[in-house]
Amino acid sequence: MYKDLSRGTKLSITYSVKKAFVLYMESIEWNEDAYNSDKFVRFWREYSEESAQWTKEVDQSLLENPVFQEELTKKVNEIIKKIFETAPTEDQMKKIDELVNELGIEDVDYSCQAEADYQIQRLNSRL
C-alpha cells in the first residue's frame with residue numbers, strides 16, 4: 001500500500017517525518033530519556049494535518065487502513081533511525097567546539113547531524 005503511493009507523496013511523508021521529528025526533539029531539548037514514541041506520533045500527526053500536503057493527497061480510507069498504518073509506522077521508524085545514523089559533519093563538530101570554547105562551557109553531547117544543528121543553534125543563542 002505504502003509502496004503504491006506516488007514518489008511525490010512518499011517524499012512529502014519523509015519530509016514531514018523528518019521535520020516533525022526534529023521539532024519534537026527540539027521541544028524536549030534532544031533529551032533521549034524524555035523521548036516518548038506515542039507522544040512523537042501524536043506530534044507528527046498534528047504537524048502533518050496542519051502543515052503537510054501529503055495528508056490531503058492520500059485517501060482517508062487508506063490512512064485508516066491497518067495494513068497501511070503498519071507500513072507507515074515501519075517507514076517512520078526507518079526515517080528516525082536514519083536521522084540518528086547520520087553522523088555530524090566536520091564543520092558542525094568544529095563549530096560546536098568553537099562555541100564551547102567561546103562560551104567557556106563544558107563540551108556538549110550530540111550524536112547526529114540534526115542534534116548537532118540543534119546544539120549549534122542553542123549555543124549561538126547564548127552568545
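A: What follows describes the pocket and then the helix contact. The model is a predicted one, and the largest pocket in it has a volume of about 200 Å³. Its lining is made up of W44, R45, S48, E49, W54, T55, Q60, L63, Q69 and L72. Sorted by class, these lining residues comprise four nonpolar, four polar and two charged. Four helices, namely α2 (37–51), α3 (54–57), α4 (60–64) and α5 (66–85), each bring at least two residues to the lining of this pocket, and α2 gives the most, with four residues.

One of the contributing helices, α5, also packs against helix α1, which spans residues 7–27, at an angle of about 60 degrees, and the axes of the two helices lie 10 Å apart. Angles from 65 to 115 degrees would count as roughly perpendicular and those under 35 degrees as roughly parallel, and α1 and α5 are therefore oblique to each other. The crossing of α1 and α5 is right-handed. On the α1 side the contact is made by I13, T14, V17, K18, F21 and M25, while α5 contributes L72, K75, V76, I79, I80, I83 and F84. By class, the contact between α1 and α5 has ten nonpolar residues, together with one polar and two charged.

Key
Residues are numbered from 1 along each chain as its sequence is written. This is a predicted model: local features need pLDDT of at least 70, side-chain atom pairs count only at pLDDT 80 or more; totals for chains, interfaces and linings use all residues. Side-chain values use heavy atoms; hydrogens and water are left out. On a 1 Å grid over the protein atoms alone, a cavity is a set of points where a 1.4 Å probe fits but cannot get out, and a pocket is an open set with protein on both sides within 12 Å along at least five of seven lines; lining residues have an atom within 4 Å of a point. Grid points are joined across faces, edges and corners, and a volume is the space filled by probe spheres set on the points. Ala, Val, Leu, Ile, Met, Phe, Trp, Tyr, Cys and Pro count as nonpolar, Asp, Glu, Lys and Arg as charged, and the others, Gly among them, as polar. Axes are lines fitted to C-alpha atoms, for helices over the stretch in contact, and angles run from 0 to 180 degrees between N-to-C directions. Angles under 35 degrees count as roughly parallel, over 145 as roughly antiparallel, 65 to 115 as roughly perpendicular and the rest as oblique. A crossing is left-handed if the near helix is turned anticlockwise from the far one by less than a right angle, and right-handed if clockwise. Contact means heavy atoms within 4.5 Å.
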